[in-house]
Amino acid sequence: MALAALARLAALHGVATHSHGAGGAVPVPEATVVAVLAALDVDAADTTAIRRALDRAESAAADRLLPPTVVLWRAIAAPGSGAASIGPPPALAHLPEGTSLWITLEGEPSTTARGPAPAWDGLPCGVHRLRAETSDGRSEHACLIVAPDRAPAVPSHSHGFLVQLYSLLSERSWGMGDVGDLAELARWSALSSGADFIQVNPLHSGVPAAPGALADPSPYRPSSRLFPDPVHLRIEDVPEYAYVVGAERARLDRLGEKAARLRESVLDKGALIDRDAVWALKRSALEVVFRVPLGPGRTADYCAFLAERGRALDEHATWCALAEVHGPDWRRWPKELRDPCSAATRRARGELRDRVEFHSRAAWAIDRQLIATARAARDAGMTIGVVHDLAVGVHPGGADVWARSGLFATGMSVGAPPDAFNARGQGWGLPPWRPDALAASGYAPYRELLRGLLRYAGGVRIDHVMGLFRLWWIPDGSPPTDGTYVQYDAEAMLAVLVLEADRAGAVVIGEDLGTVGKGVREALAHRGVLGTSVLWFERDWAGDGHRLPPHAWREGCLATATTHDLPSTAARLTGTQVELRARLGLLTEPVERERSRERTDVHGWLRLFQGLGLLPEGAEGGEDEEEQIRAAYRFLLRTPARLVGIWLPDAVGDRRPQNLPGTCDEYPNWRLPVADAEGRPVTLEAWAASPRTHALMEVFNGRRTR
């Protein structure tokens, strides 16, 4: 009886009590269900508590007039066909007879309402307020999201590059790739290879290093997703840099010399990319540059930025200032500073006003450089431009969780359940958003997040896009195998995503690799969200498991040969990825068996390429790796995929993965520069001039002429 009541209680809060794998349904540990409910402020500690919580939840569900969020999809009528007819949202079908509805449009004062009979056809896209009044006097409010029925479409079949920006150093960058390098790459790619987009890793604000320690270099575990990291700045492109004179100019020159030595250590001496060292130099340079007074126009622009980003920027800059004093994890700060609204925090903000101002200026500087980079890509002829990556979550000790702790589930981490590729599951150390808090806010945090990112994006990649539907929550201290799924309002999340993408004119790419729930890919495709298809994984999984021929691939996807979490194409073709994993003790079977299986799989693909006329006879041997890489991309171009992504290191035969899942200190994840087949680092300039790069680009010649 208690278990049945717990299951009903969990279902009312979107918490799964069973997971489904290849072996069928697996019950979730009872302790996990209780812990997840507790993170949602639901007490299920014993039978009495479960009964009380269940009574409250069932009573609230029975009394509710409206769901927290109502979604209305606005169909886009074909040219010349007139406006498409729109009826009331299905969520309103069960309102009591005689209920009146009133709508306050986005941007209108709360005292303005339209009703009592809304003209659904005439509602503009936006986030509105809906009020329902029954004939017996009951009243309730909800958020009404009116969104286009599909995200913006890719203008044409296009190709572009996928790159981890930090890894692509130029002769001008300060020890890691920066937005100046991104702009150069975009211009070269558009003008020399007809590329329509550059997809980069998340450029979110990272967690700084603690004294005596290295910062977490992963771009997928940031401090904040609301603001980009000024470590990506091109210092020389900050306008005030040109006006530094005298002793301050000499200091800048010395910093530039140190930056050159740091760059040379990575490119010529085998050093790893050191984000902390790069930021230390850039922070010192910015402290000099920011002492130059702003001109009237720049002052007005800065004030406009402060007004636009408002409280979120103030909180972010305050966290950055406090982190310089108390360390990068707010959970270890003095207790009175753990609350962003406390009197102690207000006092500290005043005492650190200069540092708060510094971090606000830095946020403005990187924002403006990213906007300029997006403009450079479009001016060069790219139809999409820069595609920015949105990480699935944030570091628990970072700025976002400190500023908005009520949005996050305490004591929980996001991860992935066990699957065919990882029998132990995965824990990512990222606290999940609470679905109830999101719904109560009308998804304002998600809207703000997307709007901030889309300021400078022609497209957005949603990491682990399945998280719009459900996330695997793992109680702290438990293994990933003991997690469970928690449901989100996927229709509301999708509506917000499509609405904000439409406002920005940006395409949307979802990373839908791994365990994907039933119907998720179909729902995403229905709303114009592209998926991600990786060459080596595209098989007829519902049938005989054979490799999919090009014509059988889906059209609505970004097709690529690899990603940052997978071996490069050269590594897979040559088998070096097996040797690397064997050396690090990551294989689950004897190395000879892994080698044999990998060779068999690769040769199967090469035979398929040959059968399609994409690989010359005799080139399937291991000695013609360059031709085999070109054949892989010829294959991708044969598919109907709307986008083809070229893993930038593939152009020069780099065999090292940027990230090796399952490792931490054993492998230098997120710290390697792009390198050639011999492991020698390659600058942006050398990469663009490489005969091997140009030979690969010949595969794409003629796809689109400017």
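## Overall build

The protein chain has 20 helices and 20 strands, where helices (H or I, at least four residues) and strands (E, at least two) are DSSP runs numbered from the N terminus. Its radius of gyration is 26 Å, close to the 27 Å that the globule rule gives for 706 residues, so the chain is as compact as a globular protein of that length. That radius is taken over C-alpha atoms, and the globule rule is 2.2 Å times the number of residues to the power 0.38. Along the principal axes, the C-alpha atoms fill a box of roughly 80 × 70 × 60 Å.

Keep in mind that this is a predicted model: local features need pLDDT of at least 70, side-chain atom pairs count only at pLDDT 80 or more, and totals for chains, interfaces and linings use all residues. Residues are numbered from 1 along each chain as its sequence is written, and side-chain values use heavy atoms, with hydrogens and water left out.

E3 pairs with strand E6 (residues 139–148) in the parallel sense, over six bridges. Leucine 72 sits opposite valine 146 in E6.

## The antiparallel sheet

Another open sheet of four strands has the order E13-E12-E15-E16, and its pairing is antiparallel. Strand E13 (426–430) and strand E16 (484–487) are the edge strands, each pairing on one side only. From one strand to the next, the twist averages 50 degrees.

Strand E12 (residues 412–416) and E13 pair in the antiparallel sense over three bridges, and glycine 415 has glycine 427 in E13 as its bridge partner. Helix H2 (residues 30–39) packs on this sheet, touching E12, strand E15 (470–475) and E16; contact means heavy atoms within 4.5 Å. The direction of H2 makes about 105 degrees with that of E15.

## H17 and its two helix partners

Helix H16 (residues 576–583) packs against helix H17 (residues 591–611) at an angle of about 160 degrees, with the axes 10 Å apart. H16 and H17 are therefore roughly antiparallel to each other. (Under 35 degrees counts as roughly parallel, over 145 as roughly antiparallel, 65 to 115 as roughly perpendicular and the rest as oblique.) In the contact, Gln577, Val578, Glu579, Arg581 and Ala582 of H16 meet Val591, Glu594, Arg595 and Glu598 of H17. That splits into three nonpolar, one polar and five charged residues, with Ala, Val, Leu, Ile, Met, Phe, Trp, Tyr, Cys and Pro counted as nonpolar, Asp, Glu, Lys and Arg as charged, and the others, Gly among them, as polar.

H17 also meets helix H18 (residues 625–638): their axes come within 10 Å and cross at roughly 65 degrees, so H17 and H18 are roughly perpendicular to each other. Here Trp605, Leu606, Leu608 and Phe609 of H17 meet Gln628, Ala631, Ala632 and Phe635 of H18. This contact has seven nonpolar residues, one polar and no charged.

Key: Pairing = 2+ DSSP bridges. Axes fitted to C-alpha atoms, helices over the stretch in contact; angles between N-to-C directions.
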